[in-house]
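User: Hi! Could you walk me through this structure? I'd like to look at side-chain pairings and then the strands.

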Amino acid sequence: LKLVGKEGSFRGTVSKFFEERDGDLIVFDFDPNYRTAITAVLKNPDFPKFPDVKMLEGKEIVVSGKFVDYHGKAQIELNDPKQIKIVK
């Protein structure tokens, strides 16, 4: 968890999306073993800025931003579409 609190980026292929039951959160999973893998998370207030995240499934992207601690693993919180770049 050395990454937490630092700005950084990672590259990966979006394997799936996990939506919390209450609809408050969308988690981008980049690895079938999501419990240990790094993730990116999008919170409800920012949904309107990201109208078509679902089309990112199966795509390789680079996510950048600040790493935060989430249940003992590092993840990047998304609040600006510029944080996601699709790898061509």
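Analyst: Happy to. One definition to start with: buried means under 20% relative accessible area, exposed means over 50%, and partly exposed is what lies in between. At 43% relative accessibility, Lys-54 therefore counts as partly exposed. Please keep in mind that this is a predicted model.

User: Good to know. What does Lys-54 form a salt bridge with?

Analyst: The partner is Glu-19, and the two side chains meet at 2.8 Å, N to O. Glu-19 lies in strand 2 and Lys-54 in the loop between strand 4 and strand 5, so this pair ties together parts that are 35 residues apart in sequence. Glu-19 is partly exposed too, with a relative accessible area of 44%.

User: And which ring does Lys-54 lie over?

Analyst: That would be Phe-17, with Lys-54 over its face at 5.4 Å from the ring centre.

User: Nice. How many aromatic pairs are there in the whole structure?

Analyst: The search finds two. In one of them, the ring centres of Phe-10 and Phe-30 are 5.0 Å apart and the planes are at 90°, so the pair is edge-to-face. Phe-10 belongs to strand 1 (residues 7–13), while Phe-30 is in the loop between strand 3 (25–29) and strand 4 (39–43), and the two are 20 residues apart.

User: Is Phe-10 buried or exposed?

Analyst: Phe-10 counts as buried, at 11% relative accessibility. Phe-30 is buried as well, with a relative accessible area of 14%.

User: What about the rings of Phe-17 and Phe-28?

Analyst: Their centres are 4.9 Å apart and their planes are at 75°, so this pair is also edge-to-face. Phe-17 lies in strand 2 (residues 16–19) and Phe-28 in strand 3, so parts that are 11 residues apart in sequence are tied together. Both Phe-17 and Phe-28 are buried.

User: Back to charges. How many salt bridges does the search find?

Analyst: Six across the whole structure. Besides the Glu-19 and Lys-54 pair, there is one between the side chains of Lys-16 and Asp-29, at 3.1 Å, N to O. Lys-16 is in strand 2 and Asp-29 in strand 3, 13 residues apart.

User: How do Lys-16 and Asp-29 score on accessibility?

Analyst: Lys-16 is partly exposed at 35%, whereas Asp-29 is buried, with a relative accessible area of 2%.

User: Can you give me one more salt bridge?

Analyst: Lys-43 forms one with Glu-77, and their closest N and O atoms are 3.2 Å apart. Lys-43 sits in strand 4 and Glu-77 in strand 6 (residues 73–78), so to speak a link between distant parts of the chain, 34 residues apart. Lys-43 is partly exposed at 36%, and Glu-77 is partly exposed at 29%.

User: Which way do strand 3 and strand 4 run, parallel or antiparallel?

Analyst: Antiparallel, joined by five bridges. For example, Ile-26 has Leu-42 in strand 4 as its bridge partner.

User: And what is the sense of the pairing between strand 4 and strand 6?

Analyst: Those two pair in the parallel sense, over four bridges. Thr-39 stands opposite Gln-75 in strand 6.

User: How far is Thr-39 from Gly-12?

Analyst: The C-alpha atoms of Gly-12 and Thr-39 are 9.6 Å apart in space, and the residues are 27 apart in sequence. Gly-12 is found in strand 1 and is buried, with a relative accessible area of 11%.

User: What is Gly-12 in contact with?

Analyst: Leaving aside neighbours within four places in sequence, Gly-12 contacts Phe-30, Lys-59, Glu-60 and Ile-61. Phe-30 is the residue whose ring pairs with Phe-10.

User: Last one: where is Asp-46?

Analyst: Asp-46 is in the loop between strand 4 and strand 5 (60–70), and at 15% relative accessibility it counts as buried. Its side chain makes a polar contact with the side chain of Lys-49, at 2.9 Å. Not counting residues up to four places away in sequence, Asp-46 touches Leu-78 and Asn-79.

Conventions:
Residues are numbered from 1 along each chain as its sequence is written. This is a predicted model: local features need pLDDT of at least 70, side-chain atom pairs count only at pLDDT 80 or more; totals for chains, interfaces and linings use all residues. Side-chain values use heavy atoms; hydrogens and water are left out. Rings of Phe, Tyr and Trp (its six-membered ring) pair if their centres lie within 6.5 Å; planes under 30 degrees apart count as stacked, over 60 as edge-to-face and the rest as tilted. Buried means under 20% relative accessible area, exposed over 50%, partly exposed in between (1.4 Å probe, protein chains only). A charge sits over a ring if NZ of Lys or CZ of Arg is within 6 Å of the ring centre and within 35 degrees of the ring normal. A polar contact is a pair of N or O atoms within 3.5 Å; within protein, one must be able to donate a hydrogen and the other to accept it, and residues adjacent in sequence count only if both atoms are side-chain atoms. Contact means heavy atoms within 4.5 Å. A salt bridge is a side-chain nitrogen of Lys or Arg within 4 Å of a carboxyl oxygen of Asp or Glu. Two strands pair if DSSP finds at least two bridges between them.
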